[in-house]
Amino acid sequence: MQLYVDSANLTEIQHAASLGFISGVTTNPSLLAKEDPSIDIRSLILDIHKSVGGHTSVEVISTETDGMLREADEILKWFPEATIKIPFIPAGLTAVRKLADQNIPTNVTLLFTATQALIAANAGATYVSLFMGRLDDIGTDSLQALNDTCEIWDTQGLESLIIAASIRTPIHLLECAKAGAHIATVPYKVLMQSIKHPLTDAGLASFLKDATKLKM
Ligand code: G3P
């Protein structure tokens, strides 16, 4: 399972990228809105893309197909490697199909059921983003939704890649990997939590303490 950082904060993204295990970045309007409003979005997105160099998903805000396609054209002028993130609404499915027919990568977002993911895949989605945390937030078993999705993918041999999104904890990360998601897009904080372990810290401290006794 590949790991993306789910953020629009350049400092977070640059640090995560420097650790060498991040393959991409996903953004969305809410993540972008958390950043300095004086920063030009195009410049921020380009700096984000340069920081990681791999997958960069940029979400459209239009809710009509033509508007989505116009935004996609603009984003692709910023950088041709962009993946266009599109919400799972009927107009979005039409846009996904049109972009797929032009071999433009899409990431269909705001998916909460395996059936939605299946439909998005049939529309030609390159990536399907299944939200975990928001399901858990309303008492729905997100892992069941992910397991159902992965089971359908295995049974049907679908080509779209499953992105586990809305990740809230390191346990989510573990569950997504075990379930078979292709990618997890993870908030910086959860990535850092997943790296840290008290026994690792204690073990290193002990090694370093003992190393002082060695004649090097
Ligand atoms: O990529 C989608 C993700 O950013 C949503 O996360 O925590 O707002 O549900 P969250």
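For these notes, Ala, Val, Leu, Ile, Met, Phe, Trp, Tyr, Cys and Pro count as nonpolar, Asp, Glu, Lys and Arg as charged, and the others, Gly among them, as polar.

**Entry 1: the ligand's neighbours.** I am working with a predicted model. I began by looking up which residues surround the ligand. I found D6, N28, L31, K85, F131, R134, S166 and R168 around the ligand. Sorted by class, this shell holds four charged, two polar and two nonpolar residues.

Entry 2: Next I looked at oxygen atoms of the ligand and the side chains around them. For R134, I noted a distance of 2.6 Å between a side-chain N or O atom and a ligand oxygen. S166 also has a side-chain N or O atom facing my list, at 2.7 Å from an oxygen of the ligand. For R168, I wrote down 2.9 Å between a polar side-chain atom and a ligand oxygen. I then checked how much of the ligand is covered: alone it exposes 310 Å², and the protein buries 82% of that.

Entry 3: Where does the ligand sit? I see that the space it takes is the largest pocket.

Entry 4: Is C150 buried or exposed? I call C150 buried because its relative accessibility is 4%, and buried means under 20%. C176 is buried too, with a relative accessible area of 0%.

Terms used: Residues are numbered from 1 along each chain as its sequence is written. This is a predicted model: local features need pLDDT of at least 70, side-chain atom pairs count only at pLDDT 80 or more; totals for chains, interfaces and linings use all residues. Side-chain values use heavy atoms; hydrogens and water are left out. Buried means under 20% relative accessible area, exposed over 50%, partly exposed in between (1.4 Å probe, protein chains only). A residue is near a molecule or strand if one of its heavy atoms lies within 4 Å of it. A polar contact is a pair of N or O atoms within 3.5 Å; within protein, one must be able to donate a hydrogen and the other to accept it, and residues adjacent in sequence count only if both atoms are side-chain atoms. Accessible areas come from the Shrake-Rupley method with a 1.4 Å probe; for residues, only the protein chains shown count as cover. On a 1 Å grid over the protein atoms alone, a cavity is a set of points where a 1.4 Å probe fits but cannot get out, and a pocket is an open set with protein on both sides within 12 Å along at least five of seven lines; lining residues have an atom within 4 Å of a point. A molecule sits in a cavity or pocket if more than half of its atoms lie within 2 Å of its grid points.
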